[in-house]
Amino acid sequence: MSVGGGGNESESSATSSSKSSDTVPPFTEIQIIEVNRNNFSKIWPYLLVCIKSADFTAMDLELSGLGGPGLRSKDVQERYKSIREAAHTRSILSVGITTMKLIRKSEKRRSLRYETRIFNILTLSEKPFTIEPSALQFLAKHSFDFNRLIQSGVQFQGKNCPLRTLFHEFLGSSATLCLHNGFVDLAFLYKQMYDVDLPETLDEFVNNLSDLFPDDFLPIADSKYLAEYQTRYKSSYLEYVFRRTQGDNEIERQARRYHIEIDFSINENLSKSLKEATEIVDVRLPEGFPDHAIPIDLHIHVCKNFAYHGFCHARNTPKGCKMLHEVDAAIDLQRIKENKKAFKRKRRYNNVIAESVAEKTGTDEEAWNQAKFQKNLLTRDYREQKRNVLTGLHRAGVDAFMTAFAVVYQQRRTLMTDDSVDLKYLNRVPLSAKDQPLHIRRRMIPPKTTTDSEAVDGHSEAMKEINKQREYVKKNAVESIVKAVEVKSIEETVVVEVKEDEDSE
Ligand SMILES: [Zn+2]
């Protein structure tokens, strides 16, 4: 930032808040705030404020297991039964939350800037629960610290359950809720945070979800669905989608097209406990991106299973797999493939990378190839370079951030023009090995024949309170718009007529 003449330079830059600066450098690290039993009372109010004021929220759950093979059944009803069983017996080990609030929108600079916060809540169930060996192996491999969870996990369930309070805070916010491959997450959120038993059938579950997440109040945007159905990336596992959108965003920024800016700057007045709870995770792109050197023999070393699916079963066999399991390498290869196609189609290909390649090298494929591949760089040297590996105790927080960023980036054009996510992509979560997503909207089902007249429908009871809360939020939002317009009209001495939207309910 520039400093006005005559002022004390160091003081001016230290006191300038990032909100006043015209540019925010591309993010190279993310800040995660851990919420645990010891700092809970201090950080909790701040977390609730962040949720309340966010335009986007994202959630990711670390679970003690996913249940049996029914999860992969061809029949979606069977899948639901299996997930339902898991959600009633397994537990949430940590909850990752990201909040993103739009603080600056500039058509001139083609950017949307979001103030971003990431929280990772360690949670320890008070009730006994099942933990699966495969989940233990997975968590241990990613350096999950079980001692820490047991010693400092926030205990939940019972009366005044904090996760229940948290979920109701989400339900009272009209933000867009981002999930990645959200079917399983939704079932666990419903049972363990909403604290209502899952209905017996998928139809009922979808209907209840459509009450909780209506299109016009707290709709769901699924980053995996967007990657598969909107952007049509070659792979759609979370780490791939995040690194790909992060890189594409940087290419867009350099080309002065629509892009996202992430602002982590913490207000100076924030408490010491918040700073102490913050962990920093390095997420920088390769040095020199997108013109970074790529080994000439990379394509023969990258494991295709990993590149496409995000995992490689052969790694867990005694024989192992000696190929490279590295998401950035997989993305580099994919970009090269797309660029080759782009050259063949001579710039008609509607693709972020293709456009920028064409801008830099015209349509001379050979010139581009020479610039891109380094004849002297081999994969064996590349393996030695320092790589970012996202592991550790705060994985759920990292995953929630990756999810939110991927949604906002993929929807940036609509956010720029309409201030909202494109309705045709909302409330749809992908179903693996199915052509159609699960669409969260009301389904026609025969009325329930209740055998036990005493049975209380937990969902209907809870919705009464939630709808009251939502009416209140909507009323306040309309009032604040009216106030803003009144102030403006007084300032401009013009009369503005304010029309309130008809209530659709
Ligand atoms: Zn492999």
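User: Which residues in H8 are buried?

Analyst: The structure is a predicted model, in which local features need pLDDT of at least 70 and side-chain atom pairs count only at pLDDT 80 or more, while totals for chains, interfaces and linings use all residues. Residues are numbered from 1 along each chain as its sequence is written, and side-chain values use heavy atoms, with hydrogens and water left out. Buried means under 20% relative accessible area, exposed over 50% and partly exposed in between (1.4 Å probe, protein chains only). By that criterion, the buried residues in H8 are Leu202, Glu204, Phe205, Val206, Asn207, Asn208, Leu209, Ser210 and Leu212.

User: How many of the residues of H7 are buried?

Analyst: Helices (H or I, at least four residues) and strands (E, at least two) are DSSP runs, numbered from the N terminus. For H8, 9 of the 11 residues are buried, so this helix is largely enclosed by the rest of the structure. In H7 the buried residues include Asp185, Lys191 and Gln192 as well as Phe183, Leu186 and Met193. H7 is likewise largely enclosed by the rest of the structure, because its buried residues number 11 of 11.

User: At what angle do H7 and H8 pack?

Analyst: Axes are lines fitted to C-alpha atoms, for helices over the stretch in contact, and angles run from 0 to 180 degrees between N-to-C directions. The axes of H7 (residues 183–193) and H8 (residues 202–212) are 12 Å apart, and the packing angle is about 75°. H7 is therefore roughly perpendicular to H8, a label that covers 65 to 115 degrees, with under 35 roughly parallel, over 145 roughly antiparallel and the rest oblique. The angle asked for is about 75°.

User: How many nonpolar, polar and charged residues form the contact of H7 with H8?

Analyst: Contact means heavy atoms within 4.5 Å. From H7, Phe183, Leu186, Ala187 and Tyr190 meet Leu202, Phe205, Asn208, Leu209 and Leu212 of H8. Ala, Val, Leu, Ile, Met, Phe, Trp, Tyr, Cys and Pro count as nonpolar, Asp, Glu, Lys and Arg as charged, and the others, Gly among them, as polar. The residues of this contact divide into 8 nonpolar, 1 polar and no charged.

User: Which residues are in contact with Tyr194, leaving aside its neighbours within four places in sequence?

Analyst: Tyr194 is among the residues with the most contacts inside the largest nonpolar core. With neighbours within four places in sequence left aside, its contacts are Arg164, Phe167, His168, Leu171, Leu189, Leu212, His459, Ala462, Met463 and Ile466.

User: Is Glu261 buried or exposed?

Analyst: Glu261 is placed in strand S8 (residues 259–263). Beyond four places in sequence, it is in contact with Thr23, Val24, Arg109, Ser111, Leu112, Arg113 and Tyr114. Since its relative accessible area is 5%, Glu261 is buried.

User: What is the relative accessibility of Ser82?

Analyst: Ser82 lies in helix H3 (residues 76–89). Apart from neighbours within four places in sequence, Ser82 is in contact with Gly68, Gly70 and Leu71. Ser82 counts as buried because its relative accessibility is 13%.

User: In which loop is Asn427 found?

Analyst: Most residues other than glycine have a negative phi, and most peptide bonds are trans. Asn427 is not a glycine, yet its phi is positive, about 55°. Its relative accessible area is 0%, so Asn427 is buried. Asn427 is found in the loop between helix H18 (412–418) and strand S12 (428–429).

User: Which peptide bond is cis, with omega near 0°?

Analyst: The proline concerned, Pro290, lies in the loop between strand S9 (278–282) and strand S10 (294–295). The cis bond, with omega near 0°, runs from Phe289 to Pro290.

Definitions and conventions. A nonpolar core is a set of buried Ala, Val, Leu, Ile, Met, Phe, Trp, Tyr and Cys residues joined through side-chain atoms within 4.5 Å.
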